[in-house]
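This report concerns selected helices and charged side-chain pairs. The sequence and structure are shown first.

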Amino acid sequence: MIRDKSQNDQAKLPKGVIAVAPPSFRRERALIKRGVWPVAGCDEAGRGPLAGPVVAAAVVLDPKRIPKGIDDSKRLTPERREELFEEICATASFAVAFASPARIDRDNILRASLWALARAVHALPEMPKHVFVDGRDKLDTSCDCDAVIGGDGLVISIAAASIIAKVSRDRLMCKLAQDCPGYGFEQHKGYAVPEHLEALHRLGPTVHHRRFFAPVVAARAKHEGVSIENLLGTVQVSEIVEVSAAAS
């Protein structure tokens with residue numbers, strides 16, 4: 001019986017561990033064969049945190065110089081993300097865009113994220129002919145767009161964008177930590193971990209917090225000495241964003 005490499009790799013794994021295939025260049029290559037180029041991948045980081053912007057990235061990989069090891073940023077260690085960030089920046093075309101907490105408060109997190117993703121695509125040195133975006137929502141761009149659910153684990157251009165977005169946002173949150181000591185932004189990057197919730201309750205929100213995320217609403221009410229109902233005014237309860245501590 002002849003086994004291919006993937007079967008051999010699977011056989012070497014500990015019992016109960018399932019191998020996860022890395023993202024591929026297959027979809028980009030299919031478009032290149034049809035004469036469609038440039039092809040970009042885009043993704044964002046920071047939809048779930050209580051503080052900081054959403055950071056979106058768009059990346060056009062050089063088919064002849066794709067760094068080895070590109071994967072969904074969530075599957076990589078911080079050290080490996082940093083290494084790949086530098087390699088992608090050195091070999092690919094890319095752009096980064098930010099949706100500020102103020103825009104998130106005004107537009108809601110989904111619309112702000114889609115705005116930032118489209119802005120990153122349009123900021124590329126050359127406008128792509130096609131773009132792949134992670135998720136279920138297509139972007140408002142002048143080029144064709146495919147939304148790919150789980151795309152950061154399937155499409156290597158999206159995975160590259162996930163790395164650029166994640167590292168860019170992490171670095172920004174470390175800088176914000178210097179301006180806002182006591183919140184631990186350099187550790188949790190704004191996510192709703194217990195340490196952040198405790199600091200938010202004790203110190204109150206900063207200008208970098210998202211005003212309509214539930215824990216921030218509660219902290220605002222406490223520190224401003226008003227009821228949540230008076231604080232929200234005309235804001236609908238459905239607009240309050242519930243969050244978890246999970247990072248992306």
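This is a predicted model: local features need pLDDT of at least 70, side-chain atom pairs count only at pLDDT 80 or more; totals for chains, interfaces and linings use all residues.

Of the 24 residues of α6, 18 are buried, so the helix is largely enclosed by the rest of the structure.

Helix α8 (residues 194–203) has His196, Ala199 and Leu200 as buried residues. These cover an arc of only 100° around the axis and therefore lie on the same side of α8. The cover over the buried residues of α8 includes α7 (185–188) and α9 (214–224). After α8 comes Gly204, with a positive phi near 85°.

Salt bridges in the model number 14.

| Pair | Distance |
|---|---|
| Asp71 and Arg75 | 2.9 Å |
| Arg80 and Glu83 | 2.9 Å |
| Lys166 and Asp170 | 3.3 Å |

Asp71 is buried at 13% relative accessibility, whereas Arg75 is partly exposed at 40%. Arg80 and Glu83 are three residues apart in helix α3 (residues 78–91), which means that about one helical turn separates them. Arg80 is partly exposed, with a relative accessible area of 25%, and Glu83 is also partly exposed, at 43%.

Lys166 and Asp170 both belong to α6, where they are four residues apart, about one turn of the helix. Lys166 is buried with a relative accessible area of 9%, and Asp170 is buried at 13%.

Definitions and conventions
Residues are numbered from 1 along each chain as its sequence is written. Side-chain values use heavy atoms; hydrogens and water are left out. Buried means under 20% relative accessible area, exposed over 50%, partly exposed in between (1.4 Å probe, protein chains only). Helices (H or I, at least four residues) and strands (E, at least two) are DSSP runs, numbered from the N terminus. The arc is that of the directions from the helix axis to the C-beta atoms. Contact means heavy atoms within 4.5 Å. A salt bridge is a side-chain nitrogen of Lys or Arg within 4 Å of a carboxyl oxygen of Asp or Glu.
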